Amino acid sequence: MKKYIFIIIAIFFTIVSCDDYLVQEDPNKIESEFYFKDESSLEIYTNGFIRSFAPAINTFINGDNYADTRSWEGQDAYLTDEYSANDATGWSTSNWYQLRSVNYYLDNMRKANASSEILDHYEGVGRFFRAMFYFDKLRTFGAVPWYETLIDMDDKEALFKDKDSREFIASKILEDLNYASTHCLTSAKYRVKSSYIHRYVALALKARFCLYEGTYRKYHSVDPSTNEAWTTNESEMYLGECISSCEEIMSSGIYSLTDDPSKRQTQYRDMFTDADGAGNYGNEFIWARDYDIDNLITYAINDQFVNAQHANRAYTRQFINTYLMRDGTPFTSKYNNYNSLDFTTECQDRDYRLTQTIRTPGFVRDNGTTYWAPDVTYARTGYQPIKYLTDKSELDTHVSAIATDVPLMRYAEILLAYAEAKAELGEMTEEVWSKTIKPLRERAGIISVYPTEADPYMVAYFQNKVTDPYILEVRRERGIELTMEDDYRYDDIMRWDQGELFARYGMGLWISGVETPLDLNNDGTPETIVTTNSSLISPLKILLIDEASEAGNKLSNGTYGNILPNTAIEHTWRDYKYVRPIPITAIQENSNLTQNPGWGIQ
Amino acid sequence: MKKIKEGRVRGFSLSHLAYRQVLSIIKHYKFMKKKYGNRVLTYYTLKKTLKIIRIVLFLLLISVFHTIASVRYLQGAKITLKCEGLSLVDALSRIEDQSEYRFIYDKSQINLDQKVKINLDGATLGKVLKELFVNKGINYHMIHNQIILNGSVSEVLQQIKTISGKVCDSSGSPLPGVTIVVNGTTHGTVTDVVGNYTLANVPRDATLVFAFIGMKTESILVGNKTTIDVSMMVEAVGIGEVVTIGYGTMKKSDLVGAVDQVNSEVLANRPTPNLARSLQGEVAGLNISFTDSKPSRSTSINIRGANSIGAGGSALILIDGVEGDISSINPQDVESVSVLKDASSSAIYGARGAFGVVLITTKSPQKGTPIVKYSGSVSFNKRTVRPDMITDGLDWVDWWIECYNGYYTGSRSLLDHLDSTVPYTEEIHQELVRRKNDPSLTKIMKIDGHSQFDWGYMENTNWYDLMYKNYNLSHEHNISISGGDDVSDYYISGRFYDYDGIYKVGNESYKRYDLRSKGSLKVRPWFKITSNTSFSNVHSYQPKHPRNNFNTQRALMHAGMPLSPIKNPDGTWTTAAAISGYASFSEGTSYRDNKNLYLRQKISADIDIIKDVLKFQADYSYNYTSKKRIDMQVPVEFEKRAGVTLYESASAGAKLGKIDYDTRYQASNAYFTYSPKLDEVNNFTAVAGWNVEKQEYKTLSVSRADFITVNKPSFSLMNGVSTDPMEGGNAWSYMGGFYRLNYSYMGKYLVELSGRYDGSSKFPTNSKWGFFPSASAGWNFSKESWMSWSKNVMDNAKIRGSIGSMGNGNVSPYSYTSNMTVSTANNILLGGILPSYTAIGTTTPASLTWEKATTYDIGLDMGFLGNKLSFTGDIYRRATTDMYTASVSLPSVYGTSPPKGNNAEMNTDGWELSIQWKHQVNLGGKPLSYSVKATVWNDDSKITKFANKTGTLGTAYGYMSNGGSPSTYYEGMHLGEIWGYEVAGLFKDQDDIDNSANQHFKQSHDYVTRPGQVKFVDLDKSGVIDPGKFEVEDHGDLKIIGNQNPKYHFGLNLSSEWNGFGLSVFVQGVGKKDWYPGSDAGYFWGKYGRPYFSFIPSIQNLSSDDVYSAEKNNWDTAYWPALTTYQSSGNKNWVKAYEIPNTRYLQNAMFVRIKNIRLDYSFNKNICNSIGLQDVNIYISGDNLFTFTPLHKHAPNFDPEGLSYDADFDSQVDGYTYPTLKNYTVGLNITF
């Protein structure tokens, strides 16, 4: 008997209830259906959007690498005729994941228990990011399929539908931005360190989008997604929406340009090299990305400006020529021979932003102890950018930790958008000018002159397609003020229907003759030499001119003239490139998708 | 037949016999040890040993009582016999018990069953006999102490005699302690020290049985002989071997499943930190590979090839029946390792055993006088390959220039620095030349006007020599005590393993402490309780690069430039020292420290419900594993300019991170074993029971920045920001009921049915449960009468087959619910702080249930020539179905990967052969036994169903990261296949280029093809070399050029013993394996990868004929193309020619490796005794001593087993591993 008692006891120990035993919950995760509870769950979810949507510094400064203002180092595959739908990107699952995450949020966020004001605010934040997502898709592909709820895996109709029209997408973006810019709150707590989304960020994006779409509809005679004329005439509507958005920001009393008349030689660049820009420039930064050494949220950025392998980006002379003299007159009007001026002369008395955007004679770092001449061995036009470069050269390696903050949306952009929309609508006035372009120029040390006639250099720059002096001056100002910020310039060229500029060859410094040592930093000692002698050994920085080599550097007149780097590179513009091809894989997955015109039926 | 039949003869004091037997067995054991070294256990399994020890102890016990009895009942003593209705035979037996007298009678003449009635108290023998026999007409005579009933004395005397003789082994050496018993009785004796014996009172027609452990039992009919000398043969192991199977053991001859067992002798004398290392290559079908020799390196144990491409999963590892980590066990504690390979053998583990089961059985107590054993060893470890490098600064720079100019074709001026690590100017070059001619000059100089540096370096530093020792040491000490009696027993062991690191700086170390105590208590004769506790403490410390988990080998490769010294003239570290990691190693402030604690406790109860028929066993286990990791990183200060301090790495910062991983696992089993005693021909066993398991796994990580004092890694002594503590982990539970039925008829026909009904918490309610049955059968056809002709050559031949299906529930625990995680951002600040964030939850599968593995296995086991030659072969297919992979291809707009489901299918086909020859011959009058065992096996897996609508081969990046294997699956794909371009050779001249397809590669910066570059073949005749759409149907010029999975694994074990000496050799290898050196694999591509890499593969100098040069125009003989660079530097796109696998640089990574050689010697027992020891054995052994591989022709910097990367660190680049080590060991084993 005892035996059986033991056995029963033993069995007792090993028996558990099946049903309960086989249920285990994840101790560290929340089951999705119970996630949305309160305001904080909304904040945490939207933090995820900011994290995935806000561009990082390295993306930000490289957006315009192949725009007209830069000289190319290497071929942009897109600007060759070999580029096809096989090479296209931007349609992967991870791209669309962002939309999935937003739509899931918008489908479910109202489960949270919060006041309607708060719920509306957070819906606005979600819709802001959906607008941001589709704005990007619109710029890239034109027409794309629109989804405003989570797609069910069994919803074949949605999954396999064709694109919605570009005009429809644009109207939906506007709808989302209207919602966000009405319902997002303006409380100061959302503006701390310029990092959250609030009504003014939404208005700023709306202004940017409406300016884009308004000018795009104006300058493009056809919708590049269909190659057919627009079905609606909404250009003026969008420009009007842009103006009203800007006006709301401008009249808010919160934002202003940073301008201390005593610091005009440095204050522009200071904004981009300040370790606490997000905090210190809250008047000008509407939205910013905050970096911080203590929290180890850092990046290496100086190497992008000083390292021979990472820093091969340089401006074209054509662009540098647009910087005004400080007396408010065009540089190209002051000098007839504006392309053949030597570097030192060229840099004199110009817009103070020039010396804060590129290395000019006298450019010093390390608290003024070292002169930094343009390094023509890699920044080969000689116009070497410095906009985000910090003062300390000890932080120049590709693993250095730098934590200057990055403005993602500046008040300056709002002023420029306002001025541009006004100009495009023919509503530019001296009053508008004095609220917008004038303070920007004054901040750069320029005496503002209200234009009376078109600057022929600017007319020519934009292929004689625009003759309105206001529009051209706004474009000049916009190009200079916002250079190297995201892909503004690239987008500008696209919306202005100026794609040919991408194929325009960029030239560099004027070299009066080879084999003459040059003192580009004006420190009294030559540090650079341009030579045709490939076996030259010299402590100077050598730019080799090789007429024989297809890929070699050239001078425009053989042994003297403007530097012509990368002559082997040929970029071609085709009008169908205003929209990128739908990647071939996307069409393989969904044969109902129609390819954009010009990219072939794949 | 004869008159004396079934007679009971006793002429010997049983107590004496028992005593002698115990003594002699102990002696023999030692003798065997001496003779066969530590491999004594080869010849008898644990079970057998235990059985003998049990008998011995039983006899010992009886003898104690009997001795007492003998004193009391001497001849002439009084006998008490009180009985009524007792049979005569019982009455006689009682008298025998009380006296020294023994009865001899003929059963046919006396009715033993007749009842007697007697009532005598303290009577003399005469009175008793008279009372008992006289009235019944039975005559009796007494001769000495023999009482003969109903027979003449002479007849009896003629029948009984004394036999003597000598027992030797086959070589003629005397065998002491051999047991000699008259068959059918307990009458017997044992041989003395010189093998002699004498046994009195042996009937003429008796058969003497000579038995000795490890020897074949001999039976000899006495007949007329008075002297019987016997020569005993060593018994071949195998056929009688008992193997451990799920929930029981079984004789190997009765097996119908594919089971292979490795016993402790294979594991002994191989000092390794991890048991898995000792098992490598030992069992056919058991694939164990280590990426390198890091002592803390773990591996997944794989049985019979690829498992699941969905949920994954590996073999189930059970330690004494309870799931456990193979690295948690002390290899010296292991008695046997049993590998269950097919469905038949592992179905009893149901859902856990889909991909095979490894059963590890620990050593059990040995009853008797406590035995104390010590084993210790010291090993010298040395790397198998030492990267060949250029250490001459000038040569190195010249290479750099050549490669750089090769790539830029002279169109670009040289940089003024090399990867920001050292400056380079023309002046420095001239100085280098000057210093080469005049070595007395300083190797460093001040330079002015350089954009980055204040000093020019002209050293010839060998960074490898600075960083790595030539050899390092490890040592191991193991002590065990074992003993016990009939009621309780115990086994206690302890081990210390200490490994000294490979680095000259940084104090790498690995220490391990193991303790085990195992004991049992017989609470009642039918009830035994066993407790098995083990404890392991593993402490490993490795120095680290100061940049977030950066791979040290890679850092050394990228920054270890020979030009640079370690220090600048002002005493600060140079850039090279800082970035290579050397400075940080020296300072010892960046490291990873792991402390792992494994605690395992198992309590089990064995209850005999009906002795030997029905048994109940239950156990409960609690395993606790605690792993604590500390990651320290502190930036190292260095200088490029005097007085300007830089940090490596400033961006990574100073940081302390601590992570705790906690696993609590509980399991309980309860089962019945029923083995009714049927008859001689029918055998039946049934096992049935149930099992429950539960595991909770928790992780907690915390980190903080900036130290106040780097010597004390404590959060309390830091002043930087803390990241929020993060918790992770999961919990799962399983339960299942299992059964196994075995039936055999005459040992000829064997049938087995087994299965399990399993439930898992990982599946939704409607699919939690699964039933996994298997059936198998065996036919021992050698036992058929029509096979009698083969008796002389063939001992055994069995064909067996099995089929079964098992489940794989290895999906991650919460796959069927959509969950969201809240994390703290590490790349963005909001409102000045690191924000919490989340995103959409995971998608949930439409349905989710067990993956299934259906296995078909046919096997053949044969033994020949007295089992000297044995053979085992298996051929199998495993069909893995319902694999948990993506269900359908959905358009990207869906926004996430399609929900997974039970979709994909795969077939794995394979075979295994194992053949063994075991023999003993005489050499110089001494026996020489030797054995040869060869195994070879192969497997191949093919995808038969997979959702890949477009037939894409994946992404270029994924494909190149996978070593050339597509980064997704497609139907018809063989796992491991490498796709690549075919190379025709090098371009001869411009004509050759003009007449070939367009090669649009960046072999130089301008994409222009030039003579001396690699020429790809335009297989699809499209006029251009391209990958097409990179799809199965359109793959352009790509084709399958090889397979990266190892094929034709083999192992060869040779061992021999002679006169105390033992020699064994273990050879292991892989017959076929292709390998394409991955992108950025600097040890292969050298400067073709990046211009500043330190090494050039297999080329000793710039003028080597193996490199193409325009002057030599050796396009037809050179292996390496025209000098260029950036050809394999981590881009992984279709542009860099060598990143795309191709036939020219595909390497043959097959290898044959002498995995282990061991020579041991056991000292003569007399010598041992004279110094108070029982046994002393010494050995020397070497691991990985010799390797033969075609790989070394072009990739001499790679070990064929170390092609991968160090998974502990970030950079996943081929070859950046911890080195593979060879080692030389001296060891000692002592039994006290």
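Is B:Asn1113 buried, exposed or partly exposed? At 32% relative accessibility, B:Asn1113 counts as partly exposed, where buried means under 20% relative accessible area, exposed over 50%, and partly exposed in between, using a 1.4 Å probe and protein chains only. I'll come back to that residue at the end.

Some housekeeping, then. This is a predicted model, where local features need pLDDT of at least 70 and side-chain atom pairs count only at pLDDT 80 or more, while totals for chains, interfaces and linings use all residues. Residues are numbered from 1 along each chain as its sequence is written, chains are lettered from A and ligands numbered from 1 in the order in which they are written, and side-chain values use heavy atoms, with hydrogens and water left out.

Okay, chain B. Its C-alpha atoms fill a box of roughly 130 × 70 × 65 Å along the principal axes. Chain B has 1232 residues, and 58% of them count as buried. You'll find 18 helices and 58 strands in chain B; these are DSSP runs numbered from the N terminus, with helices being H or I of at least four residues and strands E of at least two.

Now the aromatics. How many aromatic pairs turn up over all chains? The search of the whole structure gives 110. To pair, rings of Phe, Tyr and Trp (its six-membered ring) need centres within 6.5 Å; planes under 30 degrees apart are stacked, over 60 edge-to-face, and the rest tilted. Take B:Trp463 and B:Tyr582: their ring centres are 6.1 Å apart and the planes sit at 75°, so this pair is edge-to-face. The pair ties together distant parts of the chain, with B:Trp463 in helix α11 (residues 463-467) and B:Tyr582 in helix α14 (residues 582-587) of chain B, 119 residues apart. B:Trp463 is buried at 1% relative accessibility, and B:Tyr582 is buried too, at 10%.

There's also a cluster held together by ring pairs, and its members include B:Trp1075, B:Phe1084, B:Trp1120 and B:Tyr1216. Let's stop at B:Phe1084, which is in helix α17 (residues 1082-1085) of chain B. B:Phe1084 is buried, with a relative accessible area of 0%.

Over in chain A, we have charges on rings. A charge sits over a ring if NZ of Lys or CZ of Arg is within 6 Å of the ring centre and within 35 degrees of the ring normal. A:Arg475 has its charged end over the ring of A:Phe462, 5.0 Å from the centre. A:Lys577 does this with the ring of A:Tyr78, also at 5.0 Å.

Next, a spot where the chains meet. Which residue of chain A does the side chain of B:Ser420 contact? That would be A:Asn307, through a side-chain polar contact of 3.5 Å. A polar contact is a pair of N or O atoms within 3.5 Å; within protein, one must be able to donate a hydrogen and the other to accept it, and residues adjacent in sequence count only if both atoms are side-chain atoms. B:Ser420 is in the loop between β23 (417-418) and β24 (422-423) of chain B, and is buried at 7% relative accessibility.

B:Glu648 and B:Ser649 are joined by a cis peptide bond, with omega about 0°. B:Ser649 is in the loop between β34 (644-648) and β35 (655-674) of chain B. A:Met484 has phi near 65°, a positive value in a residue other than glycine, and is buried at 0% relative accessible area. And back to B:Asn1113: its phi is positive as well, about 45°, though it is not a glycine.
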